[in-house]
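Please read the following report alongside the sequence and the coordinates. It works from the whole chain towards single residues.

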Amino acid sequence: MTKISPEIEEDVQAESLLSVSADVSFSSNCFPKYKLGPENQIVEESKEDSKGLSLKEVVEKETVQLSEQHKRLSVRDLASKFDKNLTAAAKLADEAKLRDVASLEGHVLLKKLRDALEALRGRMAGRTKEDVEKAISLASEDAKKLVNQEKSFACAEIESARAVVQRFGEALEEEEKNSPKSKTQDVERLVDEIQEARRIKRLHQPSKVMDMEHELLALRTQIREKSVLSLKIQKELAMNKRAEENKSCLYVFDGSEALGSHLRIRPRSDTAPSLSKCSIQWYRVSLDGSQKEIISGASKLAYAPEPLDVGRVLQADILSNGQKITVTSAGPIESAAGLGSYVETLLRKSSSEFNVVISQMNGQDYSSHSNHCFNVGKLRIKLCRGWITKSREIYHTSMQLCGVRGDGNAAAKSLFWQARKGLSYVLTFESEKERNAAIMIARKHALDCNIMLAGPDDRV
């Protein structure tokens with residue numbers, strides 16, 4: 001630190017020096033002009049007294065400025081900057097050093113003041129040197145106190161900043177020490193999970209599970225094939241058994257045992273009794289023979305199977321002279337080819353229409369052979385000719401619908417429909433396929449309405 005009070009090399013006796021006033025004041029920008037009065041005393045001009053400031057006021061002004069500067073450089077601001085980033089903390093330390101230099105600007109001002117006082121001392125030619133030196137020493141003491149105070153403040157701020165930086169450094173070092181440990185722990189945990197997953201995978205052994213599934217699928221396929229083969233063998237055995245029984249029988253069925261066909265009873269030999277003198281009744285029997293249902297109205301030589309007979313065996317009992325002769329089909333009645341897909345296509349529509357001819361009405365032959373439309377809907381059945389409606393009935397318990405149970409040539413194309421009590425029709429379709437499809441669709445829609453649609457006395 002530069003010493004403000006200058007050293008005076010000349011030795012002047014106290015008696016030879018005149019007293020100098022200590023209340024010396026200077027203007028802010030230039031030195032005041034003095035003149036000598038009586039008895040060699042310094043007299044300051046009145047105009048300049050009013051404008052100039054005393055040394056004490058100058059020091060106080062500089063002190064206020066330095067205090068304001070000190071407030072602007074608060075440690076709280078430095079701490080907030082250090083909290084943002086470590087690099088900012090280091091930068092802030094550099095700024096604190098710079099501000100330390102800035103706080104010494106007062107030294108420069110005081111040095112200028114010292115130089116001015118020394119120049120004034122030279123001008124006074126040694127006559128007022130002691131008083132001037134006293135004034136300078138007084139100012140030097142105040143300046144020293146001010147500089148030391150500011151220096152202590154700056155040192156305290158720097159120490160505080162260093163403490164903050166050190167605290168942040170310790171926190172970062174601790175975080176760096178802990179982060180590898182946490183990363184290592186995460187990696188170890190992940191490795192453990194992977195090993196556990198591999199262990200579970202080895203335990204499950206997906207390849208073996210897939211092999212077992214393939215084996216099960218193959219076994220199911222084999223079982224299905226064997227079941228079909230077993231049914232086929234059982235069917236062949238039943239047919240052979242019936243054939244053996246029918247060999248001794250005097251009568252046999254003519255026709256294909258499937259939907260769309262027309263089965264007719266035929267005698268085997270000329271010695272068989274005439275069928276015109278016999279009574280006939282048709283039955284549908286289950287495959288195992290446990291259930292036997294009478295087909296009401298089927299009492300003729302011929303019978304056209306309907307969808308209700310599919311999967312069952314047809315049997316006809318012939319009574320002649322008190323003797324009963326039974327004729328059985330070789331196997332169950334089979335469905336017609338392509339009938340299932342045709343019915344599924346029609347069921348996708350809201351209603352299905354078929355061209356029919358009315359053969360009988362209420363048991364009597366119908367004279368007109370004009371075409372009519374038989375409409376089978378989801379809620380009702382309608383029979384009409386153009387705009388004229390013959391009958392329109394919703395599904396109800398008294399309604400009946402089945403294949404014709406007579407021996408006519410068109411029996412396989414005809415059905416019996418009882419719209420309500422006292423009103424019935426025999427309708428002939430264009431083909432056997434349409435007749436069977438109409439029966440199946442009507443029964444499906446009636447079943448959706450909780451109605452069992454069948455023929456007279458049928459148990460379904």
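## Overall composition

The model is predicted rather than experimental. Its protein chain contains 9 helices and 19 strands, and 34% of the 460 residues count as buried. The chain exposes about 29400 Å², of which carbon and sulfur atoms supply 52%.

Contacts can also be sorted by sequence separation: among those between residues at least 6 apart in sequence, 57% join residues that are at least 24 apart.

In soluble globular proteins, nonpolar side chains tend to be buried together. Here the largest nonpolar core has 30 residues, and the members that touch the most other members are Phe354, Phe374, Trp417 and Leu427. At least two residues of this core come from each of helix 8 (339–347), strand 12 (351–361), strand 14 (371–377), strand 15 (380–385), strand 18 (414–420), strand 19 (423–429) and helix 9 (432–448). Helix 9 supplies the largest share, with 6 residues. Another core, of 19 residues, lies apart from this one and has Cys249, Phe253, Cys278 and Tyr303 among its members.

Which residues does phenylalanine 374 touch, not counting those up to four places away in sequence? Its contacts include Phe354, Trp417 and Leu427, and the list also holds Ser352, Glu353, Val356, Ile381, Lys382, Leu383, Phe429 and Ala438.

## Aromatic and charge–ring contacts

A search of the whole structure finds 6 aromatic pairs. One of them is formed by phenylalanine 374 and tryptophan 417, whose arrangement is edge-to-face, with 5.6 Å centre to centre and 75° between the planes. This pair links distant parts of the chain, since phenylalanine 374 belongs to strand 14 and tryptophan 417 to strand 18, 43 residues apart. Phenylalanine 374 and tryptophan 417 are both buried.

The charged end of lysine 433 sits over the ring of tyrosine 342, 4.6 Å from its centre, while lysine 292 lies over the face of tyrosine 283, at 4.4 Å from the ring centre.

Strand 19 is mostly covered, with 7 of its 7 residues buried. In a regular strand the side chains alternate between the two faces of the sheet. For strand 19 both faces are covered: Leu423, Tyr425, Leu427 and Phe429 are buried on one side, and Ser424, Val426 and Thr428 are buried on the other.

Strand 12 and strand 19 pair in the antiparallel sense over 5 bridges, and isoleucine 358 stands opposite leucine 427 in strand 19. Strand 18 is joined to strand 19 by 6 bridges, and these two strands also run antiparallel; here valine 426 in strand 19 is the bridge partner of phenylalanine 416. The hairpin of strand 18 and strand 19 has 2 residues between the strands, and within this hairpin glycine 422 takes a positive phi near 95°.

Elsewhere, 3 strands form an open sheet in the order 5-6-9, with antiparallel pairing. Strand 5 (251–254) and strand 9 (302–303) each have a single partner strand and stand at the edges, so one side of each is left without a neighbour in the sheet. Strand 5 pairs with strand 6 (residues 263–267) in the antiparallel sense over 4 bridges, and valine 252 stands opposite arginine 266 in strand 6.

Most residues other than glycine have a negative phi. Asparagine 362 is found in the loop between strand 12 and strand 13 (364–365), and, with a relative accessible area of 39%, asparagine 362 is partly exposed.

Is aspartate 457 buried or exposed? Aspartate 457 is exposed, because its relative accessible area is 60%, and exposed means over 50%. Aspartate 457 lies in the segment after helix 9 and has a positive phi of about 65° although it is not a glycine.

Note on methods: Residues numbered from 1 in each chain as written. Predicted model: local features only at pLDDT ≥ 70, side-chain atom pairs only at ≥ 80, totals over all residues. Heavy atoms only, no water. Core = buried A, V, L, I, M, F, W, Y, C linked by side-chain atoms within 4.5 Å. Buried < 20%, exposed > 50% of the residue type's maximum accessible area, 1.4 Å probe, protein only. Contact = heavy atoms within 4.5 Å. Areas by Shrake-Rupley, 256 points an atom, 1.4 Å probe, with all protein chains shown as cover. Phe/Tyr/Trp six-rings, centres within 6.5 Å; stacked < 30°, edge-to-face > 60°. Lys NZ or Arg CZ within 6 Å of the ring centre and 35° of its normal. Pairing = 2+ DSSP bridges.
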